[in-house]
Amino acid sequence: MSISKTLNKSLWVYHVNSGSCNGCEIEIVATLTPRYDPERFGIKLVGTPRHADVILITGPVTKKMKEKVLRVYHQTPDPKLVMVIGACGISGGPFYESYTLAGPVDDVVPVDVYVPGCPPRPEAIIFGVVTALKKLEEIQSKK
Amino acid sequence: MATSETKTHSPIKTVIGPIHPALKEPIKFIFEIEGEKISKVDLAPGHNHRGLEWMATRRNPVQILYVAERICGICSIAHSLTFCRAIEQAAAIETPARADYVRTIFAELERIHSHLLWAGVAALELGFDTLFYKTWEVREDVMDLLEYLSGNRVNYGIMQIGGVRRDITPAQHPRIRKSLLNYTILFDELVNMFLEDSVLRMRCRDTGLLTREEALQLCTVGPTQRASGVAADVRQDNPYCAYGDLRVKAVTPDQLLDEVRGDVFDRIIVRLLEVKQSVDIIAQCLETLPDGPLLAIPKIMVLLNHLKKAEGEGIGRHEAPRGEVFHYLRLTADRESPAAWKVKASTYSNLLSWIKMLQGEQVADIPIIVASVDPCISCTDRVAVIKQGKTAVYTQEDLRRISREKTRRLRQG
């Protein structure tokens with residue numbers, strides 16, 4: 001698979017927890033461990049949004065975290081992709097009627113790829129990243 | 001708890017959180033730092049508040065079970081088990097013996113996976129990546145076993161009010177025994193790697209001290225408390241499920257090294273010993289697994305009708321991997337959803353012990369001390385240092401770099 005021009009380097013990923021239950025967090029870290037080893041494709045977790053190409057957002061975005069999620073979004077340089085990991089970021093999931101939700105995530109920031117599951121399996125997360133790359137390629141070829 | 005004032009002179013005020021790239025949940029720390037020493041600590045939790053207890057008063061008990069599982073993705077057995085025990089007490093439902101044993105096996109498997117997860121994170125914070133990958137590799141085996149038994153990797157969906165939803169059949173025993181043998185071999189390896197490494201010992205010995213008196217005064221729970229020499233464990237003190245029939249004794253660090261210091265190193269010892277203890281408990285359960293039904297009330301509609309008519313209060317206690325979990329529940333007649341549900345998770349009791357542990361320590365030790373409590377919340381991501389009106393930002397990488405540089409200095413010196 002050829003990788004788009006804008007992101008023809010390794011994809012670096014930054015993870016934001018916007019009020020998640022930890023289930024998706026540990027699956028994201030499990031994805032990065034030797035069993036799945038996505039680092040051979042250059043996919044790795046970085047410590048600051050300023051170095052990132054992809055933002056992974058978990059959790060349904062609580063009111064207290066909304067401003068921080070927005071700040072991370074604006075700190076990430078373009079071109080960037082936003083991936084939502086887990087059911088609660090997509091629709092609110094089991095927390096859909098809560099009084100503290102400012103989300104789901106696509107009410108707060110624009111989202112490119114949704115990875116469903118509660119929590120999604122590591123294979124699903126890797127598939128999500130591949131889908132994101134394909135999407136970027138399509139956008140590139142239309143230009 | 002937190003104040004918003006900023007100072008431009010010594011002590012320097014440092015803020016960590018609430019967003020952090022590695023794992024875990026949002027929380028905010030405010031440190032006052034003089035040179036390398038931490039002089040004052042304050043914390044501001046609450047970023048992860050999702051209003052679960054309020055939501056529970058609008059759903060029926062079987063629906064709440066799935067919300068309880070998602071209080072924390074790591075302790076999903078702990079919370080669903082405690083909730084089940086609370087509602088069973090309130091509605092006077094007796095669980096069958098076999099269900100109690102299956103519950104115990106799942107609770108102990110969860111403890112193994114949670115402690116290995118923690119050991120990996122602790123190694124990562126110390127800059128010992130090889131050990132991190134090694135422990136997480138072992139952990140994947142536990143996840144496979146949990147998936148084999150329950151069908152899910154993380155939120156297992158195994159608990160039901162009045163029992164469990166899936167059996168552990170005799171055909172599954174060889175696979176479980178094989179994994180248990182694996183952990184026993186790997187346990188010795190991990191003990192060697194953690195306890196014989198001189199640099200790891202230098203980083204963790206006498207770091208983040210919490211004395212026995214402080215542990216008791218701050219009402220800490222779980223491994224945090226036991227590492228300070230308090231031999232308390234709900235499984236030992238108030239047996240529930242199958243624990244009454246099994247040999248369970250609270251693990252304290254003096255069982256391995258003949259002394260208790262209450263530092264980070266002791267917390268590592270306690271957790272490693274508890275992995276071994278859990279393997280032992282599961283083996284005992286498999287030997288004595290009684291026959292019988294899995295559910296007290298197998299039909300969901302009958303169960304819901306029974307719960308609707310029931311009236312009363314119930315409490316549930318469970319020794320989760322991080323310490324005691326406590327649920328309170330009140331049912332009123334002619335109402336499907338409970339009138340009240342209160343959850344006290346284990347990290348809640350351990351939060352304030354950070355303040356004692358961190359005072360007087362170095363900035364480079366923040367990651368490992370914060371991680372040593374095994375919080376459902378750890379936040380070593382973004383630190384703003386305000387010095388003479390100028391602001392510099394520390395990312396988690398910077399903090400980890402400082403922590404690693406200290407390890408390197410020790411290794412060379």
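Predicted model: local features only at pLDDT ≥ 70, side-chain atom pairs only at ≥ 80, totals over all residues.
Figure 1. The C-alpha trace of chain A spans about 45 × 35 × 25 Å along its principal axes. Of the 143 residues in chain A, 59% are buried. Chain A exposes about 6,100 Å², of which carbon and sulfur atoms supply 56%. Its side chains include 17 positive and 14 negative ones, and the centres of these two sets lie 4 Å apart.

**Figure 2. Order of the secondary structure elements in chain A.** Chain A contains four helices and five strands. Read from the N terminus, these elements follow the pattern β-α-β-β-α-β-α-β-α. Contacts between residues at least 6 apart in sequence were examined in chain A, and 83% of them join residues at least 24 apart.

**Figure 3. The open sheet of chain A, with parallel pairing.** Five strands form this sheet in the order E2-E1-E3-E4-E5. Its edges are strand E2 (44–45) and strand E5 (113–115) of chain A, each of which pairs on one side only. Strand E1 (residues 12–17) of chain A runs parallel to E2(A) and is joined to it by two bridges. Within this pair, Trp12(A) has Lys44(A) of E2(A) as its bridge partner.

Figure 4. The buried residues of H1(A) include Ile26(A), Ile28(A), Val29(A) and Leu32(A).

**Figure 5. Asn22(A) in the loop between E1 and H1 of chain A.** Although Asn22(A) is not a glycine, its phi is positive, at about 90°. With a relative accessible area of 1%, Asn22(A) is buried; the cut-off for a buried residue is under 20%.

**Figure 6. Thr76(A) in the loop between helix H2 (63–75) and strand E4 (81–85) of chain A.** Thr76(A) is buried, and its relative accessible area is 3%. Neighbours within four places in sequence are left aside here; Thr76(A) is then in contact with Pro49(A), Ala52(A) and Ile55(A). His51(A) lies 25 residues from Thr76(A) along the chain, and the C-alpha atoms of these two residues are separated by 7.3 Å.

**Figure 7. The cis peptide bond between Cys118(A) and Pro119(A).** The omega angle of this bond is about -10°. Pro119(A) belongs to the loop that connects E5 with helix H4 (122–142) of chain A.

**Figure 8. Antiparallel strands E1, E2 and E3 of chain B.** Strand E1 (residues 12–16) of chain B is mostly covered, with four of its five residues buried. Five bridges link E1(B) to E2(B), and the two strands run antiparallel. In this pair, Lys13(B) has Glu32(B) of E2(B) as its bridge partner. Strand E2 (residues 28–34) of chain B is also joined by seven bridges to strand E3 (residues 37–44) of chain B, again in antiparallel fashion. Here Ile33(B) stands opposite Ile38(B) of E3(B).

**Figure 9. The hairpin turn between E2(B) and E3(B).** Two residues lie between the strands of this hairpin. Gly35(B), in the turn, has a positive phi of about 65°.

**Figure 10. Cys219(B) in the loop between helix H8 (212–217) and helix H9 (222–227) of chain B.** Cys219(B) is not a glycine, yet its phi is positive, at about 55°. The relative accessible area of Cys219(B) is 54%, and the residue is exposed; the cut-off for an exposed residue is over 50%. Cys219(B) is thus exposed, whereas Asn22(A), which also has a positive phi, is buried.

Methods
Residues numbered from 1 in each chain as written. Chains lettered and ligands numbered in written order. Heavy atoms only, no water. Buried < 20%, exposed > 50% of the residue type's maximum accessible area, 1.4 Å probe, protein only. Contact = heavy atoms within 4.5 Å. Areas by Shrake-Rupley, 256 points an atom, 1.4 Å probe, with all protein chains shown as cover. Lys, Arg positive; Asp, Glu negative; His and termini not counted. Charge placed at Lys NZ, Arg CZ, Asp CG, Glu CD. Pairing = 2+ DSSP bridges.
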